[in-house]
Amino acid sequence: MSRKTGPDARTVALVQARSGGLCEKCGFTEGQQIHHRKPRGMGGTRDAAINSPANLLHVCQLCHSVIEYNRTRAYSNGWLVHSYAEPADVPVFYRGARKLLDYE
């Protein structure tokens, strides 16, 4: 069985619709990349939840870099989720407020 590497086009479209086209971290810049809150790990994963909307953020390139290079802050704000946690249960600091991610 092959490992899934990224979300399907339908899920990406849902996340982009939720974002309204803007970065879900800063809310000011156009979203350009899909970020996995719970990292996929080396070689990918078979965990279907890894590509769920609750685990994905539509972010600008700058915010994606900030998340990756400031991991302690990213975990405390829910932009990254620990491997043992369920992304749907971990609130994210989303454009200035904490919220649980879903399709909207």
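Predicted model: local features only at pLDDT ≥ 70, side-chain atom pairs only at ≥ 80, totals over all residues.
Let me start with Thr11, which touches Asn51, Ser52, Pro53 and Leu56, leaving aside residues up to four places away in sequence, where a contact means heavy atoms within 4.5 Å. Residues are numbered from 1 along each chain as its sequence is written, and side-chain values use heavy atoms, with hydrogens and water left out.

Thr11 is found in helix α1, residues 9–19, and helices (H or I, at least four residues) and strands (E, at least two) are DSSP runs, numbered from the N terminus. Is Thr11 buried or exposed? Thr11 counts as buried because its relative accessibility is 9%; buried means under 20% relative accessible area, exposed over 50%, and partly exposed in between, with a 1.4 Å probe and protein chains only.

Arg18 is found in helix α1 as well, and Arg18 counts as buried because its relative accessibility is 8%. A polar atom of the Arg18 side chain lies 2.6 Å from the backbone oxygen of Leu56.

Now to the chain as a whole. The protein chain has three helices and four strands, and, read along the sequence, they follow the pattern α-β-β-α-α-β-β. Buried residues make up 38% of its 104 residues.

Which residues form the largest nonpolar core? A nonpolar core is a set of buried Ala, Val, Leu, Ile, Met, Phe, Trp, Tyr and Cys residues joined through side-chain atoms within 4.5 Å, and the largest one here has twelve residues, among them Cys23, Leu57, Trp79, Val92 and Tyr94. The elements that give two or more residues to this core are β2 (56–59), α2 (61–69) and β3 (92–94). In soluble globular proteins, nonpolar side chains tend to be buried together. Val92, a member of this core, touches residues including Arg37, Leu57, Trp79 and Leu101, not counting residues up to four places away in sequence.

Two core residues also have a lysine over the ring: Lys25 lies over the face of Trp79, at 4.4 Å from the ring centre, and Lys99 lies over the face of Tyr94, at 4.4 Å from the ring centre.

Finally, Arg95 lies in the loop between β3 and β4 (97–99), and its phi is near 50°, a positive value in a residue other than glycine. Most residues other than glycine have a negative phi. Arg95 counts as partly exposed because its relative accessibility is 33%.

Notes: Lys NZ or Arg CZ within 6 Å of the ring centre and 35° of its normal. Polar contact = N/O pair within 3.5 Å; in protein donor to acceptor, adjacent residues only side chain to side chain.
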